[in-house]
Amino acid sequence: MTSRLLLPLALVALTACGETSGPSTPRSDTSYTVVVRWVGTAPSSTIQAAFTNAASRIQQIVTGDIPDAQIGSGATPFNISDCNASMTGASPLNEVVDDLVIYAKVDSIDGVGNVLGSAGPCLTRTVGGLTGLGIMRFDSADLNSLATNGRLGDVILHEMLHVVGIGTLWESKGILLGKDSATVRVTGALATSACANDLGGASVCSGSVPAENCENLTAGTSCGAGTRNAHWKESTFRTELMTGYAGATNVLSRMTVQGIADLGYTVNVNAADAYTVPPAALRASVTAAEAALAEPVVALPEPERPRFQVDGLGRVTRIRR
Ligand SMILES: [Zn+2]
């Protein structure tokens, strides 16, 4: 199968070792490769580094190649703006994607606060259901603010993990139980076992992992459609990276790594950070006094859900809901 590489405004291919290279011909390999392409003006070197670091971390966690995906064709290239209307300017795609390509845009949305942006899968493979194309779009003012208070790297990694599939592929993978209910849970066996057996969470992860239900949060904390159902439960897991709130400390636990494996990726569980589930006394709620002690919690944006899927012949179809 031939491929025609269409150069975006900027392109960084990251390898597992973290070095950068130019566009490369998709190849038969054994590693998982994340490529970030900037749409519009590339952001500051600080922001670019946060993306580079997040991609490198994910390539340490996901260790196995997934099948190449031909996306678009010469006759019908795939328009990236169909993923997100803000992505105008990206060249239409007719390419074999080796693992994951992320189109990223950082520009002015509404200043500091309010809308931070959005991120998630745009296109998944029909076979296996894993992400081939993802989008990450952010407000430059908010990213600069996050950089100032030291949380930029954590937030970009959190959002890139949504692109990989944490929180965004749970439903399509059939492992989200009780969506929109107070008892919403994630039934992935590996994440459940990691929580219960490795992280001291046997009492909270009996059979499944609690997902965010917007309860037990500090009064006034926003918790909307994007936070619910798409994150581990904040009042249970607190400092874990994939809760819906970024505090001063955000830890990528073995539960999240195994949550990636539950989606169908091959992972290295030793790439996780040290973490244990907080004791029961801390799990009742996130109190106002506690919130005041810590840095203010940042509500992360609503993740995108996949809009398209591509089959083995490169045919792209819209996912009906
Ligand atoms: Zn999130």
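Mentor: We'll take the whole chain, then some helices, then some strands.

Trainee: What sort of model is this, and how are residues numbered?
Mentor: It is a predicted model: local features need pLDDT of at least 70, side-chain atom pairs count only at pLDDT 80 or more, and totals for chains, interfaces and linings use all residues. Residues are numbered from 1 along each chain as its sequence is written.

Trainee: How many helices and strands are in the protein chain?
Mentor: There are 8 helices and 15 strands. Helices (H or I, at least four residues) and strands (E, at least two) are DSSP runs, numbered from the N terminus.

Trainee: And what share of the residues is buried?
Mentor: Buried residues make up 49% of the 321 in the protein chain. Buried means 20 or more other C-beta atoms within 10 Å of the residue's own; exposed means 12 or fewer, and partly exposed is in between, with C-beta atoms placed from the backbone.

Trainee: What about contacts along the chain?
Mentor: Take contacts in the protein chain between residues at least 6 apart in sequence: 66% of them join residues at least 24 apart. A contact needs two C-beta atoms, placed from the backbone, within 7 Å.

Trainee: How do α4 and α6 sit together?
Mentor: They pack at an angle of about 160 degrees, with axes 6 Å apart. That makes α4 roughly antiparallel to α6. Axes are lines fitted to C-alpha atoms, for helices over the stretch in contact, and angles run from 0 to 180 degrees between N-to-C directions. Under 35 degrees is roughly parallel, over 145 roughly antiparallel, 65 to 115 roughly perpendicular, and the rest oblique.

Trainee: Which handedness does the crossing of α4 and α6 have?
Mentor: Right-handed. A crossing is right-handed if the near helix is turned clockwise from the far one by less than a right angle, and left-handed if anticlockwise.

Trainee: Which residues make that contact?
Mentor: From α4, A189, L190, A191, A194, C195 and D198; from α6, R254, M255, Q258, G259, A261 and D262. They divide into 7 nonpolar, 2 polar and 3 charged. Ala, Val, Leu, Ile, Met, Phe, Trp, Tyr, Cys and Pro count as nonpolar, Asp, Glu, Lys and Arg as charged, and the others, Gly among them, as polar.

Trainee: Which residues of α4 are buried?
Mentor: A191, T192, A194, C195 and A196. Their cover includes β10, β11 and α6. After α4 comes G200, with a positive phi near 75 degrees.

Trainee: Where is G201?
Mentor: In the loop between α4 and β11. G201 is buried, because 24 other C-beta atoms lie within 10 Å. Leaving aside neighbours within four places in sequence, G201 is in contact with C195, A196 and V277.

Trainee: New topic. What order do the strands of the β9-β10-β11 sheet take?
Mentor: The order is as you named it, in an open sheet of 3 strands with antiparallel pairing. β9 (176–177) and β11 are at the edges with a single partner strand each, so one side of each has no neighbour in the sheet. Two strands pair if DSSP finds at least two bridges between them.

Trainee: How many bridges join β10 to β11?
Mentor: 2 bridges, with β10 being residues 185–186. V186 has V209 as its bridge partner in β11.

Trainee: Last one: which strands does β7 pair with?
Mentor: β7 pairs with β8 (residues 131–139) in the antiparallel sense, over 7 bridges. S118 stands opposite R137 in β8. β7 also runs parallel to β14 (residues 308–310), joined by 3 bridges. There, T124 stands opposite Q309.
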